[in-house]
Every structure is written in structure tokens, then in C-alpha cells.
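Visitor: Hi! I'm new to this one and would like a short tour. Could you show it to me before we start?

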Amino acid sequence: YIILISPSIILTGFWGLAHWRGWRWARDMAFAVSILLVGFGAWAGGSPFWLLLALAGALVAWDMGRFAWLLVRAGIVRDEAGLWKAHFIRLGGVLVIGLGLSFLAVHLSLGVNFDLTLILVFVLIYSLSRVVGYLRYGEH
């Protein structure tokens, strides 16, 4: 596991340095490398629990860096603390639901055929797009 931990530690240090220096490109690159490391960990037979947590951590770090960059780019922002709090609440909800569904998918096996799976995937994509639309635009 030292082979997986060392690049992760180096990547975390680089990501922090890049955030401190304001290198926007590094955030996306570090996120992509994190995904590759998690994929390599899955290929190497790593624990699904730790791999999902690592992926969620990378996603949270990328999202928080992007949100901070958007706030800086917006200029003068009223109630910045309130925006951060609302963002943390939304991100926390998405994280809890996403990790819960991920752990459920890892430990639950349903015997369904490909056709039903495809229909369920389309229903899920449509439902998620409706939820995102509701969160973005309200009740319209």
C-alpha cells in the first residue's frame, strides 16, 4: 500500500501548494490524477471503503477549490460566510447520499437483466437532472 500512499501524499502537497499559489489548472489536474490513483487502487484490489472515501475526498477538495475561486472571481460578495455555509450544507447532503448509495451498491447485489438496468439508469439520469434543475432554478 505504500505504493499508493506515497503518490497520494505528494499529490496532496502539490494540490495545497497549487491552491496557495493560485494555479487554477492544477486543481483539475490533481483531481484527474486522484481519480487515476483510485482506479489503480481498485485494479490492485484495494478496499472499496477506502477507495470510495478517497474519491469523495478528492471530489470535495476539487469542489471547495472551485467554489473559493468563483467567490474570488465574483469580487465583492455580501454574506460570504452564509454562501460558504449553504455550500457546505448542499455538498454535505450530496456527499452523504452519494457515499450511502455507493456503499449500498458495493454490498448489494440485484439479479436484474440488462434491459431493466438500462431503463433504471435512464430513469436515474432523468431524476438527477430534475433535482439539479430544481436546485439551480427553484420550482420552475
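Visitor: How many residues does helix H4 have, and how far does it reach from its first C-alpha to its last?

Guide: Helix H4 covers residues 80–107, which is 28 residues, and reaches 40 Å from first C-alpha to last. That is close to the 40 Å expected at 1.5 Å a residue, where the expected span is 1.5 Å times one less than the number of residues. Helices here are DSSP runs (H or I, at least four residues; strands are E, at least two), numbered from the N terminus.

Visitor: What should I know about the model itself?

Guide: It is a predicted model, where local features need pLDDT of at least 70 and side-chain atom pairs count only at pLDDT 80 or more, while totals for chains, interfaces and linings use all residues. Residues are numbered from 1 along each chain as its sequence is written, and side-chain values use heavy atoms, with hydrogens and water left out.

Visitor: Which residues of H4 are buried?

Guide: His 87, Leu 91 and Leu 99 are the buried ones. Buried means under 20% relative accessible area, exposed means over 50%, and partly exposed is in between (1.4 Å probe, protein chains only).

Visitor: And what do those buried residues pack against?

Guide: They pack against H3. Contact here means heavy atoms within 4.5 Å.

Visitor: Where is Asp 79?

Guide: Asp 79 sits in the loop between H3 and H4. Its phi is near 55°, a positive value in a residue other than glycine. Most residues other than glycine have a negative phi. Asp 79 is also exposed, with a relative accessible area of 56%.

Visitor: Switching topic: at what angle do H2 and H3 pack?

Guide: Helix H2 (residues 24–43) and helix H3 (residues 48–74) pack at about 175°, with axes 10 Å apart. So H2 is roughly antiparallel to H3. Axes are lines fitted to C-alpha atoms, for helices over the stretch in contact, and angles run from 0 to 180 degrees between N-to-C directions. Under 35 degrees counts as roughly parallel, over 145 as roughly antiparallel, 65 to 115 as roughly perpendicular, and the rest as oblique.

Visitor: Which residues make that contact?

Guide: On the H2 side they include Arg 24, Arg 27, Asp 28 and Phe 31, and on the H3 side Leu 51, Trp 62 and Trp 69 are among them. By class, the contact has 11 nonpolar, three polar and four charged residues. Ala, Val, Leu, Ile, Met, Phe, Trp, Tyr, Cys and Pro count as nonpolar, Asp, Glu, Lys and Arg as charged, and the others, Gly among them, as polar.

Visitor: How many salt bridges are there?

Guide: The count is one, taking a salt bridge as a side-chain nitrogen of Lys or Arg within 4 Å of a carboxyl oxygen of Asp or Glu. Asp 28 and Arg 27 form a salt bridge at 3.9 Å, N to O.

Visitor: Is Arg 27 buried or exposed?

Guide: Arg 27 is buried, at 10% relative accessibility, whereas Asp 28 is partly exposed at 41%. Leaving aside neighbours within four places in sequence, Arg 27 is in contact with Trp 15, Trp 62, Gly 65, Arg 66 and Trp 69.

Visitor: What about Ala 26, what does it touch?

Guide: Ala 26 lies in helix H2 and is buried at 0% relative accessibility. Not counting residues up to four places away in sequence, Ala 26 touches Phe 14 and Ala 18.
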